[in-house]
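Let us walk through a protein fold together, one step at a time. Have the sequence and the 3D view ready.

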Amino acid sequence: MKKENSIQVAFHTLFWVAVLWIFAHYSYLRPIDPQHVQYEYISAVFLMAAVYIGWFVLIPKLFEKARFLLFWIASSAVVAASALLEICLIYSYLFDTFTAVGVPSVKLSILSVFILVFLRNAAFYTFFFILRIYEFVCKSLINKEKALSRKRSQLIVSMPDNAEIFISVDDMDYITCNRNLTFIHLSDGQIFRQYKSLSHWKTVISEDACVRINAKTLVILSKIDSYNCSQVTLRPNADNERPTFPISDRMRDAVVSHLEEEQENFPYKKVPETVEEMPKRTFSEKVGGINLLKEQVKEKISENPGANVAKLLDEIPDTSQRSIERILRQLKEDGSIEYRGSRKTGGYYAVENSGE
């Protein structure tokens with residue numbers, strides 16, 4: 001989600017920078033030029049205020065709750081207010097300009113300018129309204145698909161003829177991707193191509209049923225035969241092949257920790273690395289998995305007394321919250337750490353002379 005939020009912030013920032021530049025240099029988006037750049041910036045601020053009042057307040061609190069009439073009334077009022085503030089900002093300039101050129105009805109001309117500004121602001125407001133609703137619909141569909149998957153252990157898959165079918169997670173072996181094109185591989189040899197990202201399937205499928213082992217591969221835990229710190233090997237498929245996938249260096253600690261955590265629920269086993277695999281990493285990395293993560297957590301707590309789960313997640317990237325909590329429970333049972341303070345504001349502290 002953090003990456004998605006960063007992309008969204010970058011898009012909004014670049015969009016408004018472009019609008020400010022156009023406002024300051026051209027008259028395409030404004031009906032009259034006051035010849036004062038500072039007025040253009042202030043006008044853009046009024047416009048942005050109207051857009052984001054709709055984005056953060058009116059759409060989530062009214063439109064998404066089906067209070068449509070109130071939403072459109074409030075939206076019209078907000079857009080009209082932004083246009084009125086802009087007209088008030090340059091009213092004296094407009095009045096002097098229309099009077100100097102001998103316009104018969106100055107007030108009517110100013111009203112015409114107000115209508116043009118209102119329509120322009122309404123266009124911006126509508127553009128961001130469409131973006132916001134699109135985002136809302138996408139999230140709603142993902143949440144529904146996620147709920148269905150968790151409840152029935154099934155995925156909704158689109159077919160070439162626009163039909164949709166259900167596929168059981170138990171019938172899947174793994175999912176690979178090529179950018180936003182993913183391939184769902186079933187145990188019977190069938191492959192379904194979907195225009196969805198691997199992150200989408202990682203979100204939809206239960207965390208207890210799958211693990212993402214590298215940037216392009218998501219495997220189903222029940223289909224794993226064995227694993228080590230370098231790779232995951234699946235059970236034989238319909239062609240009697242045993243697909244093997246490498247574990248990325250960046251994800252290794254989180255993947256191995258997750259596999260060890262779920263091992264009691266699945267029949268796969270951990271095997272030693274081969275001679276060819278071991279030189280690929282340093283000695284400290286070969287310790288691997290839960291033991292390495294355990295040492296990292298102990299070290300971070302020693303360096304940051306009073307650290308909580310959120311702090312440890314920041315200090316140890318590419319680690320799930322469940323893994324951190326599991327390690328903390330183990331360290332408490334070992335007597336290596338203790339929890340002090342209230343549930344909300346307390347944290348973990350290293351215990352001296354713990355026998356290690």
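Which residue in strand 9 is the bridge partner of Ile224? The partner is Leu234. This is a predicted model, in which local features need pLDDT of at least 70 and side-chain atom pairs count only at pLDDT 80 or more, while totals for chains, interfaces and linings use all residues. Residues are numbered from 1 along each chain as its sequence is written, and side-chain values use heavy atoms, leaving out hydrogens and water.

Strand 8 (residues 224-227) and strand 9 (residues 231-234) pair in the antiparallel sense over three bridges. Here, strands are DSSP runs of E with at least two residues, helices are runs of H or I with at least four, and both are numbered from the N terminus; two strands pair if DSSP finds at least two bridges between them. Both belong to an open sheet of four strands, ordered 10-9-8-11, with mixed pairing. Strand 10 (244-246) and strand 11 (269-270) stand at the edges with a single partner strand each, so one side of each has no neighbour in the sheet.

Helix 7 (residues 252-262) packs on this sheet, touching strand 8, strand 9 and strand 11; contact means heavy atoms within 4.5 Å.

Now look inside. A nonpolar core is a set of buried Ala, Val, Leu, Ile, Met, Phe, Trp, Tyr and Cys residues joined through side-chain atoms within 4.5 Å, where buried means under 20% relative accessible area (1.4 Å probe, protein chains only). The largest one has 18 residues, of which Ile213, Val219, Ile224, Val232 and Leu259 touch the most other members. Helix 7 gives the most to this core, with three residues.

Terms used: Axes are lines fitted to C-alpha atoms, for helices over the stretch in contact, and angles run from 0 to 180 degrees between N-to-C directions. Buried means under 20% relative accessible area, exposed over 50%, partly exposed in between (1.4 Å probe, protein chains only).
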